[in-house]
Amino acid sequence: MSLVGNSSRPVRVGIVLVSQRVDRHRVMELRGLVESLGCTPVFVLVQRRRGVDPRYVLGRGKAEELAKLVEEEKVELVVFGNSLSPSQVFNLAGVTGVEVIDRTQLILRLFAERAETRVAKLQVEYAQLRYMLPHAREMVRLAKREERPGFKGLGRYEVDKYVHDIHRRMVFVRRKIEKERKTRGSRRGRHREKGYDLVAVAGYTNSGKTTLLNTLTSSNKPVDNAMFTTLRPTTRRLEIGKRKILLTDTVGFIDELPPVIIEAFHSTLEELAIADLILLMIDVSEPIHEIRRKLRVSHKILGDTGAVGVPIITVFNKTDLVDSNHVDAVVEGVRDLAPNPTPISAKTGYNLEELRKTILSLLPQQTSLITLPANHRETLAILSQIYDEMEIEEACYTPEKINLLVKGCPTRVNRVEKMVAKLNS
Ligand SMILES: Nc1nc2c(ncn2[C@@H]2O[C@H](COP(=O)(O)OP(=O)(O)OP(=O)(O)O)[C@@H](O)[C@H]2O)c(=O)[nH]1
Ligand SMILES: [Mg+2]
């Protein structure tokens with residue numbers, strides 16, 4: 001069954017969570033994911049219990065209650081906030097009579113819906129295969145036993161052939177993703193050599209990353225009040241002062257981003273590890289405990305993707321939605337988790353000048369004393385390049401020499417130093 005349904009009527013979804021304590025944010029996040037797929041959450045069933053039941057995750061009585069709710073509310077799909085094994089999916093589908101999926105599968109389907117480019121589609125396919133592989137044998141065994149919602153179509157495969165096919169396809173897809181990764185890598189290398197600074201916009205999904213990219217670079221990338229609108233990184237040029245920057249928008253973060261997705265989107269998330277600077281976006285209009293949680297999640301994912309030691313600006317976005325007292329309280333309350341805090345509104349443009357200044361102050365800088373012969377025929381050209389690309393801290397002109405103390409992008413400063421050395425040799 002397609003999650004978005006084949007009629008214009010949205011699919012009706014029941015949400016279930018089994019947890020030791022009632023976890024409101026988790027439920028809200030599940031709702032958000034379901035809504036982002038264009039489905040309608042109809043009910044939320046939460047069971048507080050220690051550990052999960054091996055057969056139904058829920059206790060038996062609760063599973064029967066779930067089945068009743070599904071029938072009464074005409075629900076077509078049940079989403080669990082817990083991870084489900086294939087046999088739990090199978091048992092739950094049996095008792096409810098509808099398809100049952102877990103959070104990872106829900107995120108994978110949302111990604112599949114959103115993937116527009118060839119590479120994003122391949123990455124999603126890889127994540128799906130990677131997710132299926134450890135469960136493949138059990139899924140085939142169950143599919144052969146009985147028809148259940150969500151298990152259709154698997155019965156025709158023989159176990160070994162099915163597993164073998166998944167493997168083969170994974171190798172094929174991985175090779176294609178690797179090829180794209182190499183192309184991106186060499187493109188990035190060329191940009192660096194040309195003296196561009198690489199700045200990446202990261203952060204929780206729906207925090208306003210694309211909106212900021214659009215506002216700063218006068219672009220028009222799709223923005224939506226839904227999760228995971230952006231799956232493919234987009235890069236745009238941006239000039240601040242004399243620095244030439246490539247600003248890249250990345251895929252959003254979420255709590256417990258499934259490892260299969262981190263693995264499949266490695267080449268995309270790599271943009272963060274190689275950046276000179278990361279703008280970590282956070283929605284400041286949320287309650288402070290949510291912001292703390294999202295900052296922790298974001299820092300963990302940044303660490304997992306290898307972006308360690310890259311300077312970070314914590315961009316508190318959406319200030320237009322709250323009063324300034326709330327913004328001040330948040331900035332103060334999460335200071336320990338938020339380097340270089342900068343409140344802005346990507347939508348209205350509030351405080352973007354301050355953000356530009358902070359970006360400028362945190363980009364890698366090199367200072368150098370350059371001495372040019374005053375009367376060489378190439379001096380004027382180099383001088384004009386220096387004035388175009390660097391800040392002049394001090395200048396001293398004599399009839400024989402020009403002494404300049406310059407500051408700028410290390411690649412550009414090094415390039416000019418080499419040109420001047422050649423001139424003076
Ligand atoms: N009020 C207000 N809304 C904003 C601001 N910035 C972004 N938004 C809204 O927040 C929603 C998400 O914005 P996006 O730019 O798509 O967020 P994103 O982080 O790129 O989201 P994903 O790509 O889904 O991870 C949209 O509805 C935007 O209009 C802001 O400064 N103020
Ligand atoms: Mg986006």
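**A tour in questions**

Colleague: At 33% relative accessibility, what does Thr 398 count as?

Modeller: First, some ground rules: this is a predicted model, where local features need pLDDT of at least 70, side-chain atom pairs count only at pLDDT 80 or more, and totals for chains, interfaces and linings use all residues. Residues are numbered from 1 along each chain as its sequence is written, chains are lettered from A and ligands numbered from 1 in the order in which they are written, and side-chain values use heavy atoms, without hydrogens or water. Buried means under 20% relative accessible area and exposed means over 50%, with partly exposed in between (1.4 Å probe, protein chains only). Since Thr 398 has 33%, the answer is partly exposed.

Colleague: How far apart in space are Thr 398 and Ala 374, C-alpha to C-alpha?

Modeller: Thr 398 sits in the loop between strand S12 (391-397) and strand S13 (401-408). Helices (H or I, at least four residues) and strands (E, at least two) are DSSP runs, numbered from the N terminus. In sequence, Thr 398 and Ala 374 are 24 residues apart. In space, their C-alpha atoms are separated by 7.7 Å.

Colleague: Why does Asn 317 count as buried?

Modeller: Asn 317 belongs to strand S9 (residues 312-317). Asn 317 counts as buried because its relative accessible area is 3%.

Colleague: What is the phi of Val 57?

Modeller: Most residues other than glycine have a negative phi. Val 57 lies in the loop between strand S2 (40-48) and helix H2 (60-72), and it is buried, at 1% relative accessibility. Although Val 57 is not a glycine, its phi is positive, at about 70°.

Colleague: And what is the phi of Asn 340?

Modeller: Asn 340 is in the loop between helix H12 (324-333) and strand S10 (342-343). With a relative accessible area of 34%, Asn 340 is partly exposed. Its phi is again positive in a residue other than glycine, near 45°.

Colleague: Which helix gives the most to the lining of the largest cavity?

Modeller: On a 1 Å grid over the protein atoms alone, a cavity is a set of points where a 1.4 Å probe fits but cannot get out, and lining residues have an atom within 4 Å of a point. The structure holds one cavity of 30 Å³ or more, and the largest has about 60 Å³ of space, a volume being the space filled by probe spheres set on the points, which are joined across faces, edges and corners. At least two lining residues come from each of helix H5 (118-132), helix H7 (159-193) and helix H10 (266-273). With three residues, the one that gives the most is H5.

Colleague: Which residue has a backbone N or O atom 2.9 Å from an oxygen atom of ligand 1?

Modeller: Ligand 1 is surrounded by 24 residues (a heavy atom within 4 Å), with Lys 209, Thr 210, Thr 211, Thr 229 and Asp 320 the closest. At 3.0 Å from an oxygen atom of ligand 1 there is a side-chain N or O atom of Thr 205, and a polar backbone atom of Asn 206 is also 3.0 Å from an oxygen atom of the ligand. The residue with the 2.9 Å distance is Phe 228.

Colleague: What share of the 425 residues in the chain is buried?

Modeller: The chain has 15 helices and 13 strands. Its C-alpha trace spans about 95 × 55 × 40 Å along its principal axes. Buried residues make up 51%.

Terms used:
On a 1 Å grid over the protein atoms alone, a cavity is a set of points where a 1.4 Å probe fits but cannot get out, and a pocket is an open set with protein on both sides within 12 Å along at least five of seven lines; lining residues have an atom within 4 Å of a point. A polar contact is a pair of N or O atoms within 3.5 Å; within protein, one must be able to donate a hydrogen and the other to accept it, and residues adjacent in sequence count only if both atoms are side-chain atoms.
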